[in-house]
Amino acid sequence: MDLDAYVNEHNAEWRRLDELSRRRRLNAGEADELVALYQRAATHLSLIRSRSPDPILVARLSRLVLAGRNAMTGTPSFSMATVGRFFTHTFPLTVYRAWPWWCGVATAFSLFTFTLIGYVAANPEVAGYFMSDGAISALVNNEFEGYYSQFLPQNQLLRVWTNNALLTGEVLASGVIFFPVVYLLFNNALNMGLIGGVMIAYGRGDLFFGLIVPHGLLELTAVFIGAGVGLRIGWSWVAPGPLRTRGRALAETASEGMLVALGLVGVLLVSGLLEAFVTPSPVPNILKDFIGFIVWGAFLLYVFILGRNAEAEGASAAIEGEIAQESLPAA
């Protein structure tokens, strides 16, 4: 194959394809010409790759073919409608579909934590195996309460938001191999159980729940959702079902998991705002707890109502198709 002669023969077509691919709007004749030139360039690329794979020419034609395809199908673009649909359909739907998993995680975590709180509160000497007398005294007298007001609110917000996002990301990503999720949740439940038991044993139970509840309900729910979705991803390759391969099942559930992770960033931002501005505020603890319950209840209603409605509508837990439809160019 004489590569130079082949380039000279088709170079004008390739330049024309490049020109049409760069135009924002095409009339009907130009659109037909674009399709024909794209098909020819794809054939030329395949032929050159098989007979005379010159890397520079292959790279040039690959770019032209890609540009031509993008010009015909449209490239993804930002759309507020897509963002809105994510929060009204996609995110609540993916969380709703995984509810048996994260509700199971929440139940197991809560049973273990409250059992440990009760045991330590009834047997305060148990805490001595994990904490020194000085550490217990400092925790009860000032450290627990002081933790929520040691930084300026905006700094505390950024601190807890990033920490909680990291923990949620860890339990979600590690769910594919199961055991790290159990380990991370166990450590957090053990820490909460010990602190809660010690605070109750020394007569500071009202302070413990008054400072934990406002932000903790929403914060822990986000962690439970991350863990549940992560475990669901892991289970998908163990039991993919009769109509899916293990690879396809893992890819589909992992894709939904990434959407959940994106939505949980916003949920954790709300819990961070509560922890930074509501938890350390001077208002009565009962009012702070009431605010926490209202926000938590609103989130659960959001998930179950919008998620169930999206499921009934047959909505898809994906956003690629919507983006593509909205970005098709006018002919």
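This report walks through helix packing, aromatic pairs and a few individual residues in a predicted model.

Let us begin with what the record says. An unreviewed UniProt entry lists residues 99-122, 165-186, 192-213, 220-238, 258-278 and 290-307 under "transmembrane region". Two of these spans can be set beside the model. Residues 99-122 are 100% helix and 0% strand, with 34 Å between the C-alpha atoms at the ends. For residues 258-278 the content is likewise 100% helix and 0% strand, and the end C-alpha atoms are 30 Å apart.

## Two helix contacts

Helix α8 covers residues 179-201 and helix α9 covers residues 205-238; their axes come within 12 Å and cross at roughly 170°. Because angles over 145 degrees count as roughly antiparallel, α8 is described as roughly antiparallel to α9. On the α8 side, the contact is made by V181, L185, M192, I195, G196, M199 and I200. Helix α9 contributes G205, L207, F208, F209, L220, V223, A227 and L231. Sorted by class, these residues of the contact of α8 with α9 give 13 nonpolar, two polar and no charged.

A second contact joins helix α4 (residues 80-97) with α11, where the axes come within 7 Å and cross at roughly 100°. That angle makes α4 roughly perpendicular to α11. The contact of α4 with α11 has twelve nonpolar, three polar and three charged residues.

## Aromatic pairs

How many aromatic pairs does a search of the whole structure find? The search finds 14. Two of the pairs are worth a visit here.

F144 and F208 form a tilted pair, with 5.5 Å centre to centre and 35° between the planes. This pair links distant parts of the chain: F144 sits in helix α6 (residues 133-146) and F208 in helix α9, 64 residues apart. Both F144 and F208 are buried. F208 is also one of the α9 residues in the contact with α8.

F293 and W296 form an edge-to-face pair, 6.2 Å centre to centre with 70° between the planes. Both residues lie in helix α11 (residues 285-312), three residues apart, about one turn of the helix. F293 has 45% relative accessibility and counts as partly exposed. W296, at 25% relative accessibility, counts as partly exposed too.

Ring pairs also link F86, F87, F91, F299 and Y302 into a cluster.

## Individual residues

The table gathers accessibility values for some residues picked out in this report.

| Residue | Relative accessibility | Class |
|---|---|---|
| T113 | 2% | buried |
| A189 | 2% | buried |
| P100 | 46% | partly exposed |
| F178 | 23% | partly exposed |

T113 belongs to helix α5 (residues 99-122), and A189 to helix α8. Which residues does T113 contact, leaving aside its neighbours within four places in sequence? They are A189, M192 and G193. Why does T113 count as buried? Its relative accessibility is 2%, and buried means under 20%. M192, one of the residues in contact with T113, is also among the α8 residues in the contact with α9.

A189 and L306 are 117 residues apart along the chain, and their C-alpha atoms are separated by 30 Å. P100 and Y119 are 19 residues apart in sequence and 28 Å apart in space, C-alpha to C-alpha. P100 has its place in helix α5.

One backbone angle also deserves a look. F178 has a phi near 70°, a positive value in a residue other than glycine. F178 is found in the loop between α7 (153-173) and α8.

Key:
Residues are numbered from 1 along each chain as its sequence is written. This is a predicted model: local features need pLDDT of at least 70, side-chain atom pairs count only at pLDDT 80 or more; totals for chains, interfaces and linings use all residues. Side-chain values use heavy atoms; hydrogens and water are left out. Axes are lines fitted to C-alpha atoms, for helices over the stretch in contact, and angles run from 0 to 180 degrees between N-to-C directions. Helices (H or I, at least four residues) and strands (E, at least two) are DSSP runs, numbered from the N terminus. Angles under 35 degrees count as roughly parallel, over 145 as roughly antiparallel, 65 to 115 as roughly perpendicular and the rest as oblique. Contact means heavy atoms within 4.5 Å. Ala, Val, Leu, Ile, Met, Phe, Trp, Tyr, Cys and Pro count as nonpolar, Asp, Glu, Lys and Arg as charged, and the others, Gly among them, as polar. UniProt positions are given in the numbering used here, feature names are shortened, and annotations may be inferred rather than shown by experiment. Buried means under 20% relative accessible area, exposed over 50%, partly exposed in between (1.4 Å probe, protein chains only). Rings of Phe, Tyr and Trp (its six-membered ring) pair if their centres lie within 6.5 Å; planes under 30 degrees apart count as stacked, over 60 as edge-to-face and the rest as tilted.
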